[in-house]
Amino acid sequence: MDENSIQDDSFEGVNLNGTHVLIVKKGEDIYALSNRCAHMECLLSKGTLEGYTIKCPCHDWKFDIRTGEFVTAKEIKIPVYQTKTSEGNIYVNIKEGR
């Protein structure tokens with residue numbers, strides 16, 4: 001994905017080899033996490049970004065984009081993926097989800 005295709009404080013859902021990933025740009029940082037809510041698998045890309053929290057559009061579950069943790073019960077998590085930028089492109093390692 002082209003780094004310039006995503007604005008600061010915005011996000012985009014992408015499908016990487018069958019894995020639904022949410023790419024979030026926050027300042028100079030790029031985050032990648034599952035685009036599926038842990039509750040009912042709603043697409044987080046249809047939700048809203050509030051600081052470092054993405055809010056699910058279906059039932060308002062909130063996840064920290066840095067850790068994938070559900071804000072009110074940290075034992076519930078969605079996968080987060082390593083990212084890097086090189087020569088204006090964003091790369092996501094979907095094989096190393098944490």
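Q: Why is Cys-42 called buried in this predicted model?
A: The relative accessible area of Cys-42 is 15%, and buried means under 20%, so Cys-42 counts as buried in this model, which is a predicted one. Cys-42 lies in the loop between strand S3 (29–34) and strand S4 (48–50), where Cys-42 touches Asn-35, Arg-36, Cys-37, Cys-56 and Cys-58, leaving aside residues up to four places away in sequence.

Q: What makes Asn-35 count as buried or exposed?
A: Asn-35, which is found in the loop between S3 and S4, has a relative accessibility of 3%; the cut-off for buried is under 20%, and therefore Asn-35 is buried. Among the residues that Asn-35 touches are Gly-13, His-20, Val-21 and Cys-42.

Q: How many aromatic pairs does the structure hold, and why is the pair of Tyr-31 and Tyr-52 called edge-to-face?
A: The structure holds four aromatic pairs. In the pair of Tyr-31 and Tyr-52 the ring centres are 6.2 Å apart, and the limit for a pair is within 6.5 Å; the planes stand at 90 degrees, and over 60 counts as edge-to-face, so the pair takes that name. This pair links distant parts of the chain, with Tyr-31 in strand S3 and Tyr-52 in the loop between S4 and strand S5 (53–55), 21 residues apart.

Q: How do you know that the aromatic pair of Phe-63 and Phe-70 is tilted?
A: The rings of Phe-63 and Phe-70 are 5.6 Å apart, centre to centre, with 45 degrees between the planes; since stacked needs under 30 degrees and edge-to-face needs over 60, the pair is tilted. Phe-63 is buried, with a relative accessible area of 0%, and Phe-70 is buried too, with a value of 10%. Ring pairs link Trp-61, Phe-63 and Phe-70 into a cluster.

Q: How do you know that the charged end of Lys-26 sits over the ring of Tyr-52?
A: The charged end of Lys-26 is 5.3 Å from the centre of the Tyr-52 ring, and the distance limit is within 6 Å, with a condition on the angle to the ring normal as well. Arg-66 also lies over the face of Tyr-52, at 4.2 Å from the ring centre.

How values were computed: Residues are numbered from 1 along each chain as its sequence is written. This is a predicted model: local features need pLDDT of at least 70, side-chain atom pairs count only at pLDDT 80 or more; totals for chains, interfaces and linings use all residues. Side-chain values use heavy atoms; hydrogens and water are left out. Helices (H or I, at least four residues) and strands (E, at least two) are DSSP runs, numbered from the N terminus. Buried means under 20% relative accessible area, exposed over 50%, partly exposed in between (1.4 Å probe, protein chains only). Contact means heavy atoms within 4.5 Å. Rings of Phe, Tyr and Trp (its six-membered ring) pair if their centres lie within 6.5 Å; planes under 30 degrees apart count as stacked, over 60 as edge-to-face and the rest as tilted. A charge sits over a ring if NZ of Lys or CZ of Arg is within 6 Å of the ring centre and within 35 degrees of the ring normal.
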